[in-house]
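This briefing covers salt bridges, the sheet and its helices, and a few single residues. Please keep the structure open while reading.

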Amino acid sequence: MRLRCNEFRTLPEHSIAERRKASLALRTEGMRAYGRRFPHDIAGPKARVVFPRIGTSSAAYGSVRVGPLRIADRPPIVDVVERVVGSFARPITIVEIGPGEGRLAGALRERFGAKIVRHYGIDRDPLVAGPFARVHDLDAVSEPIDLVIASEVVEHMSADDMASLLASCAMKSAPDAAIVLGTPNPLVAGGILRDVTHIQHYPWFDLYAIVRLFYGSCTIERTHYVCTPQRLLQLAPRIALARLQELDWCEGLIAVGSVPRVTGV
């Protein structure tokens with residue numbers, strides 16, 4: 001089925017039921033892909049503990065100097081995006097949704113330089129500016145998109161709006177494009193209570209299913225950022241207590257979708 005950018009909401013009612021059936025089938029696919037049979041089998045995708053990066057060079061994502069060393073703030077999304085950008089053998093165009101002050105854009109520019117032809121940023125805040133080309137929406141991007149990045153964004157929109165966004169991203173993307181979504185993990189203790197601006201949360205199996213509706217493949221990582229000594233000391237008891245409560249100990253999820261299933265390029 002071929003979708004125009006704004007067609008997702010206007011499909012007939014029976015198509016909504018069909019998409020619901022498809023998403024349930026893809027959720028089952030995701031659970032099987034990660035060796036799980038039921039939604040309460042929480043810990044499926046690989047868990048990755050991420051630490052700040054320590055070195056002597058500057059870091060565009062923010063760092064503090066301790067003697068001759070720099071300790072750089074490196075949230076998990078940075079490493080995943082850098083890995084995806086590095087997988088392209090050609091120059092690429094990036095669209096970042098919710099770029100903030102552009103710390104991620106700056107980090108990518110520092111590492112990849114001219115490989116990134118354009119880095120567009122879409123943000124609701126009219127005062128947001130950074131090392132990216134500010135655009136109002138996806139329709140303002142004339143060339144095919146190679147990579148879409150949305151870090152800590154989709155939880156601020158409804159599931160329908162998220163699906164509409166993914167449909168539009170796929171429609172505007174190159175045939176071999178990718179998308180990286182970072183979002184809090186609702187299966188972690190207290191995770192859904194920490195931000196009143198969050199509208200919808202996605203367990204890893206539902207995040208997998210929604211991404212797969214619009215992309216040919218999807219991988220999920222569960223992440224936990226150990227950015228302070230206190231968090232390091234808490235790690236072992238955190239894991240043990242979470243397992244006793246049938247909860248997850250990882251605070252974040254990152255989904256990587258590849259090869260859009262719906263494209264207008």
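Arg 74, Asp 79, Glu 82 and Arg 111 are linked in a salt-bridge network; a salt bridge here is a side-chain nitrogen of Lys or Arg within 4 Å of a carboxyl oxygen of Asp or Glu. This is a predicted model, in which local features need pLDDT of at least 70 and side-chain atom pairs count only at pLDDT 80 or more, while totals for chains, interfaces and linings use all residues. Residues are numbered from 1 along each chain as its sequence is written, and side-chain values use heavy atoms, with hydrogens and water left out.

**Salt bridges**

- The count of salt bridges comes to 12.
- Glu 82 is in helix α2 (residues 76-87) and Arg 111 in helix α3 (residues 103-112), 29 residues apart. Helices (H or I, at least four residues) and strands (E, at least two) are DSSP runs, numbered from the N terminus.
- Glu 82 is buried at 5% relative accessibility, whereas Arg 111 is exposed at 52%. Buried means under 20% relative accessible area, exposed over 50%, and partly exposed in between (1.4 Å probe, protein chains only).
- Arg 212 and Glu 29 form a salt bridge of 2.8 Å, N to O. Because Arg 212 lies in helix α5 and Glu 29 in helix α1 (residues 13-33), the pair ties together parts that are 183 residues apart in sequence.
- Arg 212 counts as buried at 11% relative accessibility, and Glu 29 as partly exposed at 30%.
- Glu 221 forms a salt bridge with Arg 48, with 2.8 Å between the closest N and O atoms. Glu 221 sits in strand β10 and Arg 48 in strand β1, so this pair ties together parts that are 173 residues apart in sequence. Glu 221 is buried, at 8% relative accessible area.

**Sheet and helices**

- An open sheet of 8 strands has the order β1-β10-β11-β9-β8-β5-β6-β7, with mixed pairing. Two strands pair if DSSP finds at least two bridges between them.
- The edge strands, each pairing on one side only, are β1 (47-50) and β7 (133-134).
- Strands β5 (residues 92-97) and β8 (residues 145-151) pair in the parallel sense over 4 bridges. Ile 94 stands opposite Leu 147 in β8.
- Helix α4 (residues 159-171) packs on the sheet and touches β5, β8, β9 (173-184), β10 (215-225) and β11 (252-260). Contact means heavy atoms within 4.5 Å.
- The direction of α4 makes about 150° with that of β9. Axes are lines fitted to C-alpha atoms, for helices over the stretch in contact, and angles run from 0 to 180 degrees between N-to-C directions.
- Helix α5 (residues 204-214) lies across β9, β10 and β11, at about 150° to β10.

**Gly 252**

- Gly 252 is found in strand β11 and is buried at 10% relative accessibility.
- Leaving out residues up to four places away in sequence, Gly 252 touches Thr 183, Pro 184, Asn 185, Glu 221, Arg 222 and Thr 223.
- From Gly 252 to Thr 223 the C-alpha distance is 4.9 Å, although they are 29 residues apart in sequence.

**Ile 54**

- Ile 54 belongs to strand β2 (residues 53-55) and is exposed at 56% relative accessibility.
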